[in-house]
Amino acid sequence: MSQPAFQRARSAEAKQAREGAILDAARTLGRGRGIRDVTLTDIATEVGMHKSALLRYFETREQIFLELTAEGWREWSASLRANLAAKTSATPTDVAEVFAATLAARPMFCDLLAQAPLNLERNVSLEAVRTFKLVTLHEVDLIGGELGRLLDLTEEQVLDMISTATGMAGALWQMASPGPRLQELYADDPRLGHAIVEVEPRLRRILAGFLTGVGVPAR
């Protein structure tokens with residue numbers, strides 16, 4: 001099937017719309033296949049343009065997914081903070097439950113969290129990395145306000161908590177989502193069943209343990 005004729009965006013509005021369509025295509029493919037298995041050609045085909053034309057809007061596939069990671073940070077942070085803001089007081093277990101539930105509800109974001117430091121940040125310009133890091137720093141500051149209010153965490157403890165939550169969410173999602181060949185292996189050998197984890201309960205236990213370990217009172 002031939003691709004639709006591509007018309008280069010001529011105005012700022014048209015360029016923004018085309019970039020949005022590219023991000024939408026990458027988002028759809030990432031949810032369906034997993035980030036690692038989506039190529040630039042796949043995205044171009046999904047949106048209906050040649051790969052060379054797509055590169056007029058994004059420098060690499062990694063930049064596309066890094067922008068989706070930044071989008072994920074904003075969306076997750078807003079949901080997390082809304083849940084925390086509804087509480088007048090909270091225990092470490094309460095906070096751990098909110099972190100785990102809001103992250104586990106966003107599987108593609110968890111996938112992106114794992115891919116960002118491994119791949120996405122390594123094949124883009126320094127300016128793209130800077131833009132992404134500034135987004136994450138801003139959201140960490142906002143989340144820190146709620147953690148400080150509820151648990152009186154220090155700035156260092158906030159950074160450790162959020163780093164642990166996002167890092168473990170990415171790692172656990174990868175463990176919970178093995179490819180077809182590994183799924184067959186685990187099904188054939190019940191002794192290996194422990195290799196597949198449930199993200200939310202394990203993440204909740206890890207984060208509750210972290211908060212208890214830094215001395216946050218159970219109250």
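This is a predicted model: local features need pLDDT of at least 70, side-chain atom pairs count only at pLDDT 80 or more; totals for chains, interfaces and linings use all residues.

How are α1 and α4 oriented to each other: roughly parallel or roughly perpendicular?

A: The protein has 10 helices and 0 strands. Of its 219 residues, 43% count as buried. Among contacts with a separation of 6 or more, 72% come from residues 24 or more positions apart.

Now to your question. Helix α1 covers residues 12-33 and helix α4 covers residues 61-85. Their axes come within 10 Å and cross at roughly 85°. An angle from 65 to 115 degrees counts as roughly perpendicular, and α1 and α4 are therefore roughly perpendicular to each other. On the α1 side, the residues that meet α4 are I22, L23, A26 and R27. Their partners in α4 are I64, F65, E67, L68 and E71. Sorted by class, this contact has 6 nonpolar, no polar and 3 charged residues.

Helix α1 has another residue to look at, R18. With 23% relative accessibility, R18 counts as partly exposed, since buried would require under 20%. The C-alpha atoms of R18 and V47 are separated by 8.9 Å, while the two residues are 29 residues apart along the chain.

Setting aside residues up to four places away in sequence, L103 touches W76, F109, C110, L113, A165, A169 and L203.

L103 also belongs to the buried residues of α5, along with P92, V95, A96, V98, F99, A100 and T102. Helix α5 spans residues 92-104, and its 13 residues reach 18 Å from first C-alpha to last, close to the 18 Å expected at 1.5 Å a residue. The cover over its buried residues includes α4, α6, α7, α8 and α10.

Next comes α6, residues 107-118. This helix has 12 residues and reaches 17 Å from its first C-alpha to its last, close to an expected 16 Å. Since 9 of the 12 residues of α6 are buried, this helix is largely enclosed by the rest of the structure. The buried ones are M108, F109, C110, D111, L112, L113, A114, Q115 and A116. Both helices of your pair come back here: what covers these buried residues includes α1 and α4, as well as α5 and α8.

Leaving aside neighbours within four places in sequence, L172 is in contact with V197, V199, R202, L203 and I206. The C-alpha atoms of L172 and V197 are 6.9 Å apart, although the residues are 25 residues apart along the chain.

One last stop is the loop between α7 and α8, where D152 is found. Most residues other than glycine have a negative phi. D152 is not a glycine, yet has a positive phi of about 55°. At 63% relative accessibility, D152 counts as exposed.

So, back to where you began: α1 and α4 are roughly perpendicular to each other, and both are among the helices that cover the buried residues of α6.

Terms used:
Residues are numbered from 1 along each chain as its sequence is written. Side-chain values use heavy atoms; hydrogens and water are left out. Contact means heavy atoms within 4.5 Å. Axes are lines fitted to C-alpha atoms, for helices over the stretch in contact, and angles run from 0 to 180 degrees between N-to-C directions. Helices (H or I, at least four residues) and strands (E, at least two) are DSSP runs, numbered from the N terminus. Angles under 35 degrees count as roughly parallel, over 145 as roughly antiparallel, 65 to 115 as roughly perpendicular and the rest as oblique. Ala, Val, Leu, Ile, Met, Phe, Trp, Tyr, Cys and Pro count as nonpolar, Asp, Glu, Lys and Arg as charged, and the others, Gly among them, as polar. The expected span of a helix is 1.5 Å times one less than its number of residues. Buried means under 20% relative accessible area, exposed over 50%, partly exposed in between (1.4 Å probe, protein chains only).
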